[in-house]
Amino acid sequence: MNLAAIDIGTNSIHLVIAEVTQRGNLKVLIDEKEMVKLGVGVFATNQLSQEAFERGIAVIQRYVQLADQFGVDEIITAATSATREAKNGGEFLDALARETGLTPHVISGKEEARLIFLAVRRAIAFGNEKVLVLDIGGGSTEATVGDQENIYFKKSIKLGVLRLLDMAGGKETLTKTDATELLGHIKLAAEEVMKEVLAEGFTKVIGTSGTIRALGEAAHLAGKGSSLDTVNAEVVSTKELSKLSKKLLKMTLEEREKVPGISSNRADAIHLGSMLLVNLLEMSQASEITLCDASLREGLILDYLDSLGRKQTILGPEGNLRYRSVLHLALRYQSDIEQKKHVAHLSLQLFDQLQQLHGMDDSARELLEFACMIFEVGHFIGFPKYHKHSRYIISNSRLRGFTNEEIALLGHLARYHRKSGPKKRHSKFKKMTKSQKYLVRTLSGIMRIAIGLDKTKNQWVDSLSCKWAEKQIIITVKGEENPDLEIWDAMRHRFVLEKALEREITIAAPDPVHL
């Protein structure tokens, strides 16, 4: 199996393509990097520049083509701080989905720290040591403490080379006043986190990311006069890095570009990175740092493989093409399959017991089951408006075995499983036929109640039964635990189904009110 991972970072966009061997090891086939500098100016303006926006799309398009040439089974994609913080970050993701078919997971700083640690742990043997891993990016710095088995501490600090460059007004060379002000900001932003790191305890500091590796190699060249065959596991002293930093802070951009070990693409902000790294090492009372060539992209692949290991029994050989296709989509966007199966179980009970009222056939029943499996895939992008993200992902996912109409209906069911119900003024809903509108109203109404009945995700509602009269439906829920919270949430979301079936709905625990 070949896998690709694309890390859409603030400073660089990286691609790694790896072969997963039969023994579960990773063999890197290709490792690419483009210094897109997506985050230039974003921390001052809260906007991705149009130039960076277009450059980022173009680079990722090339990466997708490269991945296709290697016949990868999956492209795992994550976006970090620049996309998280930019007001037009959503527009960038939408354009990326249109142009490449990818929907990156916008990860939090803590998640970024965890994934980086997974990669470092595979690249460097910790033995019995507890280590601090530092990663300096364009917009944030991740600090993680753990050992070979566990992660004990992870924090993201809003300090990165491009963020500091924005704070310095983009100046190529700092005055003493500029340097003092930036140093004060670094200490203000990082001091409390580093105190927590010290309290947690560690015996070694490991540094990853392009900035740290470049500084480590430049410090080694300056001190020993020889280049490193590989940066992985090489050790550089804080004293050497401090000496290098003092020189870099006095240099012009042109002078920094000529420093051995520093690429011209990093010269604009490497002096700021050196100031940040030295101060973090001093705050952590570390006399040296071990360099590591692992990174977020390897962590993405390792985490993906770990998720397959946890869920590999879910798909199984049985099931038709449509069912397998839906499950693959759910797994790809990290949905909790067992929880979604329970929601489907409750939804189908409602569908079957109310069939005489709604009058829909088995094809609608099947769509309901499929929609229950994938209604939350939009969580992969982010919680706000995730129901709309879900519709977008489903509509562009090319689900196998489904017609275009069925894919559109699945997207609408995901869209309307929460928040406001279908309305005539909604442009996409307005274009649907009368029968399609009825299906979406009824099935999304059923889903809302079923989702509410698993509010705590503990599967406390085992089954339900329905009775109805001319103006009323009573749904009685059964389970071993107290389902009060589930009933409360389901009652809050009953209005869509009430409107579709033109009956008032009551949801209750055993001891139902008899009609």
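## Briefing: helices, sheets and cores

The axes of helix α14 (residues 337–353) and helix α20 (residues 434–452) come within 9 Å of each other, crossing at roughly 130°. This is a predicted model, where local features need pLDDT of at least 70 and side-chain atom pairs count only at pLDDT 80 or more, while totals for chains, interfaces and linings use all residues. Numbering starts from 1 along each chain as its sequence is written, and side-chain values use heavy atoms, with hydrogens and water left out.

- Axes here are lines fitted to C-alpha atoms, for helices over the stretch in contact, with angles from 0 to 180 degrees between N-to-C directions.
- The two helices, α14 and α20, are therefore oblique to each other (under 35 degrees is roughly parallel, over 145 roughly antiparallel, 65 to 115 roughly perpendicular, and the rest oblique).
- On α14 the contact is made by Val343, Leu346, Ser347, Leu350 and Phe351, and on α20 by Leu443, Ile446, Met447, Ile449, Ala450 and Ile451 (contact means heavy atoms within 4.5 Å).
- Helices (H or I, at least four residues) and strands (E, at least two) are DSSP runs, numbered from the N terminus.

**The five-stranded sheet**

- Five strands make an open sheet with mixed pairing, in the order β3-β2-β1-β4-β5 (two strands pair if DSSP finds at least two bridges between them).
- At the edges sit β3 (26–34) and β5 (105–106), each pairing on one side only.
- Strand β2 (residues 13–20) runs antiparallel to β3, and eight bridges join them; across that pair, valine 16 stands opposite aspartate 31 of β3.
- Helix α2 packs on the sheet and touches β1 (2–8), β2, β3 and β4 (74–79), with its direction at about 15° to that of β2.

**Glutamate 34**

- Glutamate 34 lies in strand β3 and counts as partly exposed, at 32% relative accessibility (buried is under 20% relative accessible area, exposed over 50%, partly exposed in between, with a 1.4 Å probe and protein chains only).
- Not counting residues up to four places away in sequence, glutamate 34 touches Asn11, Ser12, Ile13, Val59, Arg62 and Tyr63.
- Between glutamate 34 and alanine 113 there are 22 Å in space, C-alpha to C-alpha, and they are 79 residues apart in sequence.

**Strands around β11**

- Strand β9 (residues 204–208) pairs with β11 (residues 288–291) in the parallel sense over two bridges, and glycine 207 has leucine 291 of β11 as its bridge partner.
- Strand β10 (residues 235–237) pairs with β11 in the antiparallel sense, over three bridges; here valine 236 is partnered by isoleucine 289.

**Nonpolar cores**

- Which residues touch the most other members of the largest nonpolar core? They are Phe92 and Ile475, in a core of 138 residues.
- A nonpolar core is a set of buried Ala, Val, Leu, Ile, Met, Phe, Trp, Tyr and Cys residues joined through side-chain atoms within 4.5 Å.
- Leaving out residues up to four places away in sequence, phenylalanine 92 touches Ile8, Leu38, Leu48, Phe53, Gly56, Ile57, Ile60 and Thr83.
- Another core of 27 residues lies apart from the largest one, with Val16, Leu118, Ala119 and Leu296 among its members.

**Positive phi values**

- Most residues other than glycine have a negative phi.
- Asparagine 46 has a positive phi, near 60°; this residue is in the loop between α1 (42–45) and α2 (50–69) and is partly exposed, at 33% relative accessible area.
- Glutamate 502 also has a positive phi, near 55°; the residue is in the loop between α22 (495–501) and β14 (504–508) and counts as exposed, at 69% relative accessibility.
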